[in-house]
There are 2 protein chains.
Amino acid sequence: MFTILPIKGYLDQIDGFYCDGISAGLKSNGKKDLGFIYSDTLCDVEAVFTKNKFQAAPLRHYQMYDKDFQTNFILINSKNANALTGQKGIDDINEIFSSLKFDITNPIMSSTGVIANPIPKEKIIAGANTFDLSSKNAESLAEAIMTTDAYPKTCMYEVKLEDGSSFKIGAVSKGAGMINPNLATMLCFICTDASIPKEDMKELLEVNSHTTFNAISVDGDTSTNDTVLLLANKKSKAYDKEAFKEVLRLVMHDMAMLMVADGEGAKKAVAFEVINAANDEEAQTAAKALSNSLLVKTALYGEDPNFGRIASTIGASQIQCDETKLVISYNDVIVYNKGEILLDDICEAKAVQVLKNSEYKVLCDLGIGEGKFTAYGCDLGYEYIKINADYRT
Amino acid sequence: MFTILPIKGYLDQIDGFYCDGISAGLKSNGKKDLGFIYSDTLCDVEAVFTKNKFQAAPLRHYQMYDKDFQTNFILINSKNANALTGQKGIDDINEIFSSLKFDITNPIMSSTGVIANPIPKEKIIAGANTFDLSSKNAESLAEAIMTTDAYPKTCMYEVKLEDGSSFKIGAVSKGAGMINPNLATMLCFICTDASIPKEDMKELLEVNSHTTFNAISVDGDTSTNDTVLLLANKKSKAYDKEAFKEVLRLVMHDMAMLMVADGEGAKKAVAFEVINAANDEEAQTAAKALSNSLLVKTALYGEDPNFGRIASTIGASQIQCDETKLVISYNDVIVYNKGEILLDDICEAKAVQVLKNSEYKVLCDLGIGEGKFTAYGCDLGYEYIKINADYRT
């Protein structure tokens with residue numbers, strides 16, 4: 001048995017981790033744009049990256065280290081993704097690290113922002129050299145890594161094990177647009193003092209990605225920079241695999257849900273739950289199709305229970321389905337039941353009430369097998385267009 | 001040799017075809033919503049339908065006829081798709097046809113509009129019984145089948161063969177939103193007096209769908225009702241397979257391009273040309289991903305040459321690609337050349353000029369093999385949201 005307790009505060013509450021964020025002049029509005037995570041001992045590290053074939057320079061730089069490398073420093077900037085920058089992008093990262101005044105081991109860089117611009121390395125070097133590595137200011141770090149995010153994204157948990165020992169885990173992340181199920185477009189940094197073996201780090205990151213970051217979508221676009229990093233300094237000496245798996249799932253779920261809720265301009269965070277599909281894969285195909293359909297997303301925005309679009313999207317996803325077995329509901333309001341349209345005026349009024357909520361569930365029971373998957377998405381309205389029509393300026 | 005001449009006018013210029021459109025009260029604003037195509041002799045007919053698994057009742061009704069059936073009547077309504085209506089939807093079609101006063105053979109119904117509403121059969125029967133089957137008023141028919149279309153869509157051609165004989169072909173179609181590469185969400189009715197053999201009708205419809213209707217996208221959503229119908233009354237006694245293949249391609253291309261240009265709220269019709277991919281399939285995957293990407297579409301709307309989103313979308317599509325071989329241009333303005341970012345101030349000004357056009361090309365040379373495909377799409381702006389947020393009301 002174990003107990004998981006949410007803790008107020010940030011990942012800098014974990015013994016041995018330090019962080020901060022500053023303004024280095026990358027954002028023209030003077031907002032924070034450069035941050036770091038520093039550990040006073042070397043950490044084991046594992047990562048999962050975007051499946052985009054054009055991986056950004058920081059991802060390729062990371063993958064040049066030996067498989068079991070340890071690190072004590074992550075440098076993170078917003079506003080420039082250092083993507084599509086070729087060998088120069090990697091050379092720039094090496095030049096930045098070799099120009100820093102402080103002593104760090106196997107430093108990692110992580111970037112987010114506009115693709116296909118050379119990274120402004122002079123500003124980054126100048127800014128990073130003002131860092132105070134003894135800072136514990138995760139709030140500033142969370143701000144510094146934001147791009148179109150409306151708010152910073154963090155969480156913290158403490159896990160108490162049966163033998164009285166305990167460990168902590170906390171995360172900071174960014175992500176609002178360009179969010180799609182191949183990790184979602186995002187950066188997420190998770191720190192822990194759990195004494196987790198290296199092999200468990202990789203396994204548990206991957207297993208939990210499937211139902212968290214890989215289950216969310218804002219706009220169906222997969223970025224060049226998606227990264228989830230897990231750092232373990234093992235200072236607590238405490239560990240239990242089941243407990244860690246569960247708390248890591250919580251951390252990743254929290255971060256994923258905060259991203260969906262912050263979908264650019266989104267007002268609704270919606271769970272698309274597909275059950276009784278022929279198998280889990282087909283449930284996933286249908287659930288992700290729903291979370292990505294523009295017609296579904298605009299109907300949610302309009303608070304219109306136009307469930308025909310939901311059925312049509314399932315049919316278009318090419319999975320096994322049958323309209324005489326399909327049941328569709330908004331939370332517990334059933335609007336279509338195995339061939340019968342239930343959406344009369346009374347039912348519609350109830351459905352509209354559900355759609356007025358900021359969080360709800362669209363449930364599709366395919367009535368065919370036992371497959372299930374829940375994808376998470378959001379509505380899409382005018383604000384998304386406004387944010388993305390001229391993002392670079 | 002043969003000559004293809006565009007003709008001003010509508011498909012009712014073809015000998016033996018009659019059509020009209022009226023207001024039957026399905027649209028609350030009194031606009032035309034019910035139309036027909038009538039032939040004074042029986043026609044061979046072929047169709048291609050949506051790949052959506054939830055095919056609407058009219059499609060299932062059609063498929064109940066024998067493979068080689070002939071028809072002389074198509075009834076078309078807008079505002080209600082008769083989709084997700086089960087056996088009742090088919091029963092309603094049979095009831096409508098058995099209630100019509102005039103003598104017709106193997107009538108076909110075609111519907112577009114809101115999914116999952118019972119079809120208002122009384123209004124349709126009452127309206128259809130006022131039809132004058134001797135009308136030649138294709139303009140009214142084109143209006144009657146519109147839903148969110150901004151304008152009616154028609155074309156007409158005459159083909160002169162080397163032996164002095166000639167035939168005509170004309171089309172009327174609808175489609176603006178819910179447009180996606182599985183035929184695009186649309187209805188298209190093509191009439192000809194060419195003496196085309198039945199087997200050629202199916203073959204040429206399918207081969208031309210690939211590069212026309214299946215190459216366009218407005219919003220990535222595939223409807224339940226997509227239909228392309230080809231009717232041949234063979235009155236001209238003239239036919240040449242190569243000529244017919246080419247003119248049918250022209251007709252279908254015209255109709256497809258009119259739909260893209262009428263993408264709900266769209267101001268730009270954009271060709272996404274992918275060349276030198278590993279093979280044609282990969283080119284198609286990348287081209288369609290580009291035409292469907294929200295981030296690409298919003299950048300086009302913002303007239304922002306943010307080509308990083310184009311590269312990122314190609315990378316995310318999981319095809320074989322290499323940033324040191326990739327070339328991206330807007331018309332002839334190259335912005336990225338094999339790892340080199342060319343978008344300085346001068347180049348950007350030129351690219352913005354291209355993006356201000358209402359039609360242009362985004363060219364992606366992958367530099368890997370010889371595969372190529374062109375997909376057609378449009379920008380996505382506020383108007384799309386406005387049209388789709390509360391479509392039913």
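**Figure 1. Salt bridge between Lys356(B) and Glu303(B) in the predicted model.** Glu303(B) is partly exposed, since its relative accessible area is 23%. This residue forms a salt bridge with Lys356(B), and the closest N and O atoms are 3.3 Å apart. Lys356(B) lies in the loop between α10 (345-355) and β14 (359-365) of chain B, and Glu303(B) in the loop between α8 (294-301) and α9 of chain B, so the pair ties together parts 53 residues apart in sequence. Lys356(B) also counts as partly exposed, at 47% relative accessibility.

**Figure 2. Salt bridge between Arg60(A) and Glu323(B).** The side chains of these residues meet with an N to O distance of 3.8 Å. Because Arg60(A) belongs to helix α1 (residues 57-62) of chain A and Glu323(B) to the loop between α9 (307-316) and β11 (327-330) of chain B, the pair joins two chains. Arg60(A) is partly exposed at 27% relative accessibility, whereas Glu323(B) is buried, with a relative accessible area of 7%. Over all chains, the structure holds 38 salt bridges.

**Figure 3. Salt bridge between Lys241(A) and Asp200(A).** The closest N and O atoms of the two residues are 3.7 Å apart. The pair links distant parts of the chain, with Lys241(A) in helix α6 (residues 241-261) and Asp200(A) in helix α5 (residues 198-211) of chain A, 41 residues apart. Lys241(A) has a relative accessible area of 30% and is partly exposed; Asp200(A), at 9%, is buried. A network of salt bridges links Glu46(A), Lys198(A), Lys202(A) and Glu206(A).

**Figure 4. Negative surface patch of chain A.** Glu162(A), Asp163(A), Asp240(A) and Glu242(A) form the patch. Glu162(A) is placed in the loop between β6 (153-161) and β7 (166-174) of chain A. With 66% relative accessibility, above the 50% cut-off, Glu162(A) counts as exposed.

**Figure 5. Helix α9 (residues 307-316) of chain A.** This helix is largely enclosed by the rest of the structure, because 10 of its 10 residues are buried. Among them are Phe307(A), Arg309(A) and Ile314(A). Just after α9(A), Gln318(A) adopts a positive phi of about 70 degrees.

Key: Residues are numbered from 1 along each chain as its sequence is written. Chains are lettered from A and ligands numbered from 1 in the order in which they are written. This is a predicted model: local features need pLDDT of at least 70, side-chain atom pairs count only at pLDDT 80 or more; totals for chains, interfaces and linings use all residues. Side-chain values use heavy atoms; hydrogens and water are left out. Patches are made of residues with over 30% relative accessible area and no salt bridge: like charges are joined within 9 Å, nonpolar side chains (Val, Leu, Ile, Met, Phe, Trp, Tyr) within 5 Å. Accessible areas come from the Shrake-Rupley method with a 1.4 Å probe; for residues, only the protein chains shown count as cover. A salt bridge is a side-chain nitrogen of Lys or Arg within 4 Å of a carboxyl oxygen of Asp or Glu. Lys and Arg count as positive and Asp and Glu as negative; His and the chain ends are not counted. The place of a charge is taken as NZ of Lys, CZ of Arg, CG of Asp or CD of Glu. Helices (H or I, at least four residues) and strands (E, at least two) are DSSP runs, numbered from the N terminus. Buried means under 20% relative accessible area, exposed over 50%, partly exposed in between (1.4 Å probe, protein chains only).
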